[in-house]
Amino acid sequence: MRLLTVGVLTLLSTVVHAQRFEGLAPTPPMGWNSWNTFALNIDEKLIRETADSIVANGMLAAGYNYVVIDDGWEAMERDSEGRLVPDPKRFPSGMKALGDYLHARGLKFGIHNCAGTKTCAGFPGGRGHEFEDARTYASWGVDYLKYDWCSHGTANAEETYRTMGSALVAAGRPIVFSLCEWGNNKPWLWAKPIGQLWRTTGDVTDCYDCQGVYAVGWKQILDAQVGLEQYAGPSSWNDPDMLEVGNAGLSLAESRAQFSLWSMLAAPLMAGNDVRTMSSAIHDILTNKEVIALDQDPLGKQGYRYMTHPGKEIWVKELSNGEWAICFLNTGETDLKLRIDWSHFSFLKGTHQIRDLWQKKSLGTSERPMVNRVAAHDVLLLKLSPAAH
Ligand code: GLA
């Protein structure tokens with residue numbers, strides 16, 4: 001009898017807490033988002049051309065399947081029945097047609113709105129409209145909702161996001177729920193039953209470690225991830241914001257390093273550059289399958305900062321099948337000479353084969369120390385696999 005009661009209570013609590021769809025993001029979501037490069041200069045032509053490029057240039061095959069339209073897609077007002085409507089000049093075909101366009105190419109449709117009364121750019125927010133908006137998104141074929149935190153007033157973050165999460169579930173279409181609450185109320189402590197990913201910080205911008213008014217460089221965002229690794233896992237991801245790979249303020253080394261470290265973090269990989277015009281060097285960074293495989297490793301463990309030294313940091317990520325990724329970041333302004341003594345990596349049991357994931361070549365085994373050189377703000381990114389006996 002007691003067992004039965006416990007069973008029923010467990011079932012009930014599962015039902016009560018069923019605020020998100022399960023199985024939508026077993027590995028970190030990947031895709032493209034309009035914000036970092038285009039901000040409010042978006043229209044359906046840009047989205048279609050971007051979608052076509054993602055298919056044609058191999059990004060879709062590499063895993064980038066969400067095309068997310070960020071702030072700026074809406075008309076300034078809801079329609080007479082309170083429904084959200086796209087800007088008629090910039091999205092004249094409507095959102096259902098755009099979703100169909102993406103789906104026909106094997107892509108998924110992401111959209112942005114805000115938990116407050118207005119989005120950060122001043123368009124209608126979702127507060128008080130959660131259930132009808134969720135039905136609208138479902139009717140457009142939306143697969144991913146990024147939900148921002150501007151104009152939230154005195155609202156409680158957990159309750160507000162839970163309301164929207166429940167609305168998405170009630171609307172019945174599986175939609176990945178991306179909480180963009182900037183880490184203000186420690187969403188890693190409460191967002192897991194609500195959505196699949198949650199921002200841990202404010203906005204990133206395209207520099208290594210600059211301090212802007214609204215946004216900071218990726219190195220500062222990286223620093224803010226230390227200690228959060230315990231909260232991530234399959235279907236529940238810390239989101240350190242999007243990629244700036246290929247954007248003007250980063251050197252090629254800094255783009256490669258952000259991509260490497262975001263993969264070490266098991267971060268959502270949302271490209272934020274103009275993929276229609278990117279150089280082949282940037283394309284090769286974004287589509288390096290061995291680096292993406294670190295991010296997408298099914299074990300779903302977020303990497304952690306193993307050591308900091310003046311001029312360098314070492315990040316470590318446990319992978320499935322007894323493998324490990326180790327990333328050496330040169331935080332200095334000149335070349336770094338590395339001498340790696342594998343006995344300092346106490347988690348490595350036995351001999352490992354070492355592969356350099358950017359040079360795409362084997363560097364031998366962990367039986368002897370290794371010497372390497374890393375340029376300023378660049379990385380050495382290694383995968384270590386147990387050597388066959
Ligand atoms: C916030 C978010 C950004 C972006 C903008 C749009 O700043 O954190 O990622 O969505 O809003 O206005």
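How many nonpolar, polar and charged residues does the shell around the ligand have? In this predicted model, the shell divides by class into four nonpolar residues, one polar residue and six charged residues. The residues concerned are W35, D70, D71, H112, C120, K146, D148, C180, W182, R199 and D203. As for its location, the ligand sits in the largest pocket.

For D148, a polar side-chain atom is placed 2.7 Å from an oxygen atom of the ligand. R199 likewise has a polar side-chain atom 3.2 Å from a ligand oxygen. In the case of H112, an N or O atom of the side chain is 3.5 Å from an oxygen atom of the ligand. On its own, the ligand has 310 Å² of accessible area, and the protein covers 93% of it.

Across the whole structure, a search returns 19 aromatic pairs. One of these joins Y208 and W218, and it is edge-to-face because the ring planes stand at 90°, with the ring centres 5.2 Å apart; the cut-off for this class is over 60 degrees. Where do the two partners lie? Y208 belongs to the loop between β7 (203-204) and β8 (215-216), while W218 is in helix α8 (residues 218-223), so the pair ties together parts that are 10 residues apart in sequence.

Technical notes: Residues numbered from 1 in each chain as written. Predicted model: local features only at pLDDT ≥ 70, side-chain atom pairs only at ≥ 80, totals over all residues. Heavy atoms only, no water. Near = heavy atom within 4 Å. Polar contact = N/O pair within 3.5 Å; in protein donor to acceptor, adjacent residues only side chain to side chain. Areas by Shrake-Rupley, 256 points an atom, 1.4 Å probe, with all protein chains shown as cover. 1 Å grid on protein atoms, 1.4 Å probe; cavity = no way out; pocket = protein on both sides within 12 Å on 5 of 7 lines; lining within 4 Å. Sits in = over half its atoms within 2 Å of the grid points. Nonpolar A, V, L, I, M, F, W, Y, C, P; charged D, E, K, R; others polar. Phe/Tyr/Trp six-rings, centres within 6.5 Å; stacked < 30°, edge-to-face > 60°. Helix = DSSP H or I, 4+ residues; strand = E, 2+ residues; numbered from the N terminus.
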